Amino acid sequence: MTNKNLQAEFILSAQRVIDIEAQAIQNLSARLDEKFVTACNILLACEGKVVVCGMGKSGHIGNKIAATLASTGTPAFFMHPGEANHGDLGMLTKGDVLLAISNSGETSELVNLLPVVKRLGIKVVAMTNSEQSSLGQHADVVLDISVEKEACSLGLAPTSSTTATLVMGDALAVALLDHKGFTSDDFALSHPGGSLGKKLLLKVNDIMLSGRDIPLSSANDKVADALLEISKKGLGMTGIVADDGTLLGVFTDGDLRRILDARVDLHDAVVNDVMTKGGKTTRADQLAVEALNLMEAHKISALMVVDENRKPIGAFNMHMLLKAGVL
């Protein structure tokens, strides 16, 4: 087989998988009925935690579903059914809900848990392809995750079935999120260490330079002196202040290019005459992501931070936002 033919075979195989799995997902839409609503109501009424349980590939998918639920306002964790049969079932307590995943509905490690689960009075939301299976018959509600066929050419490896399960889990999580009015601030509180949390929680005060590190020049300074301050502080700009310390404007790399084009003598020119008057500023308590939006909207790479009297208390640039994980 030539290399070209091999490439075509790879692409055809991959396209077939995508088409089969896309159809499996599309088929789920018709199953969003009263049973889905019942499942949502059971999860909403849960006074404890949603305990997700599944074996093998279903377990891997269950882990992700539990993580998605937990990060979107529905307390949840994953319980391995094999370990649950040997002591970990104690993780499940009254007030919890069991979200049980088994494609066949006959996974022995999972089915063996059901008598104890029912004895505890715990409601069971099942995700399976058969309502008549052992799992389906013991569940309070069954979400149908059946697929016409697996994307595996042998029809054996869980592929489209696990994709359908994952999407149904996402549908549950987001439906609950929307109903609860879960906000981006709520989301950030459960993701403080990631880039999402940084974007939503970091404030300008957390990243700005302050004190002697702020690039500042007097309105009467020569342009050459302002350039030295820019070079020394490394933000690509310097704030221009009046005698009382209030910010009059900024002198930036862009201003420098403009006066070079105009052939202005850098040693004789006063910075007050060539600076950008006023200039965009931000507050120390403003979210860093809001400051980023301001910079992008006005195509600027650095900002001065001022207090209520327009006196500089900090400064930062795009590189610092990038380093902080905001950009």
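Me: How are α3 and α8 oriented to each other, roughly parallel or roughly antiparallel?

Reply: The model is a predicted one. Helix α3 (residues 57-71) packs with helix α8 (residues 160-180) at an angle of about 15°, their axes lying 9 Å apart. Angles under 35 degrees count as roughly parallel. The relation of α3 and α8 is therefore roughly parallel.

Me: Which residues of α8 make the contact with α3, and what is the handedness of the crossing?

Reply: On the α3 side, the contact is made by K57, I61, K64, I65, T68 and L69. From α8 come T162, T165, L166, G169, D170, A173 and L176. The crossing of the two helices is right-handed.

Me: How many nonpolar residues does the contact of α3 with α8 have?

Reply: By class, four residues of this contact are polar and three are charged. The nonpolar residues number six.

Me: Why is one side of β10 and of β12 left without a neighbour in the sheet?

Reply: The open sheet has the strand order β10-β11-β12, with mixed pairing. Strands β10 (281-282) and β12 (312-317) stand at its edges, so each has a single partner strand.

Me: Which helix lies across β10, β11 and β12?

Reply: The helix in question spans residues 288-298 and runs at about 130° to β11.

Definitions and conventions
Residues are numbered from 1 along each chain as its sequence is written. This is a predicted model: local features need pLDDT of at least 70, side-chain atom pairs count only at pLDDT 80 or more; totals for chains, interfaces and linings use all residues. Side-chain values use heavy atoms; hydrogens and water are left out. Two strands pair if DSSP finds at least two bridges between them. Helices (H or I, at least four residues) and strands (E, at least two) are DSSP runs, numbered from the N terminus. Contact means heavy atoms within 4.5 Å. Axes are lines fitted to C-alpha atoms, for helices over the stretch in contact, and angles run from 0 to 180 degrees between N-to-C directions. Angles under 35 degrees count as roughly parallel, over 145 as roughly antiparallel, 65 to 115 as roughly perpendicular and the rest as oblique. A crossing is left-handed if the near helix is turned anticlockwise from the far one by less than a right angle, and right-handed if clockwise. Ala, Val, Leu, Ile, Met, Phe, Trp, Tyr, Cys and Pro count as nonpolar, Asp, Glu, Lys and Arg as charged, and the others, Gly among them, as polar.
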